[in-house]
Amino acid sequence: MVFPCNEIQKTAWEVLKNFDHALILREDDPLLPAILKVYEEQGIKDGAPTNKMKGPAFQTELATAYPDCRLVVTKETMTVEGMIKIVYELLKDKLNIAKLTFTSGVNAASQEYKPEGTVDRCPLCGIALNEKGICPKCGYRKQ
């Protein structure tokens, strides 16, 4: 079954919106403690009421997201290759990823993967069924 492009985008965006306009620093960056101190002094460390573009907080082996203060802390330098590793780690259980490509200015990188496993999808709209076998979009129930 083909997975609709708009659903791929929604699935990916739910996780990746933590990176949108976020400050991304390595965990050993000497600026990190100073920035957290300023965030605390400004009262934005635990979020601002205007911050509506938050994804769920996550912590992986490669990165940790603090969506309330729009901060992502990574284990390695943020290059296109590093971003591919982080994105794959975040999405590999949600999408069957065959290839990821990132570009940034004149830098580009691609990585191919062997898709693993299958995901039960609604035969009517292609959306992944939840753990109860129900489509969250149209209500279809798996028999």
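In strand β6, Ser110 is the bridge partner of Thr101, and this pair belongs to an antiparallel arrangement in which six bridges join β5 (residues 99-104) to β6 (residues 107-112). The two strands form a hairpin with two residues between them, and in the turn Gly105 has a positive phi of about 65 degrees. The model described here is predicted; the protein has three helices and six strands, which from the N terminus on run in the order α-β-α-β-β-β-α-β-β.

**Overall dimensions and burial**

- Taken along the principal axes, the C-alpha atoms of the protein fill a box of roughly 55 × 35 × 25 Å.
- The protein has 143 residues, of which buried residues make up 35%.
- When contacts between residues at least 6 apart in sequence are considered, 46% of them join residues at least 24 apart.

**The four-stranded sheet**

- Four strands form an open sheet in the order β1-β4-β3-β2, and the pairing within this sheet is mixed.
- The edge strands of the sheet are β1 and β2, each of which pairs on one side only.
- Strands β2 and β3 pair in the antiparallel sense over two bridges, and the bridge partner of Gln59 in β3 is Thr64.

- The side chain of Thr60 reaches the backbone nitrogen of Leu62 at a distance of 3.1 Å.
- If neighbours within four places in sequence are left aside, Thr60 is in contact with Glu89 and Leu90.

**Helix α1**

- Helix α1, which spans residues 5-16 and has 12 residues, reaches 16 Å from its first C-alpha to its last, close to the 16 Å expected at 1.5 Å a residue.
- Which residues of α1 are buried? The buried residues of this helix are Glu7, Ala12, Val15 and Leu16, and they are on the same side of α1 because they cover an arc of only 160 degrees around the axis.

**Salt bridges**

- The count of salt bridges in the model comes to nine, and three of them are described here, beginning with the one between Asp28 and Arg26, whose closest N and O atoms are 2.7 Å apart.
- Both partners of that pair are partly exposed, Asp28 with a relative accessible area of 49% and Arg26 with a relative accessible area of 31%.
- Lys75 forms a salt bridge with Glu27, with the closest N and O atoms 3.2 Å apart; because Lys75 lies in the loop between β4 (71-74) and α3, whereas Glu27 lies in the loop between β1 (23-26) and α2 (32-42), the pair ties together parts that are 48 residues apart in sequence.
- Lys75 counts as partly exposed at 41% relative accessibility, and Glu27 is likewise partly exposed, with a relative accessible area of 44%.
- A further salt bridge is formed where the side chains of Glu76 and Lys85 meet, at 3.5 Å from N to O.
- In this pair Glu76 counts as partly exposed at 25% relative accessibility, while Lys85 is partly exposed with a relative accessible area of 42%.

**The segment after β6**

- Ile127 has its place in the segment after β6, and at 8% relative accessibility this isoleucine counts as buried.
- Ile127 and Tyr140 are 13 residues apart in sequence, and the distance between them in space is 10.0 Å, C-alpha to C-alpha.

Key
Residues numbered from 1 in each chain as written. Predicted model: local features only at pLDDT ≥ 70, side-chain atom pairs only at ≥ 80, totals over all residues. Heavy atoms only, no water. Pairing = 2+ DSSP bridges. Expected span 1.5 Å × (residues − 1). Buried < 20%, exposed > 50% of the residue type's maximum accessible area, 1.4 Å probe, protein only. Arc of directions from axis to C-beta. Salt bridge = Lys/Arg side-chain N within 4 Å of Asp/Glu carboxyl O. Polar contact = N/O pair within 3.5 Å; in protein donor to acceptor, adjacent residues only side chain to side chain. Contact = heavy atoms within 4.5 Å.
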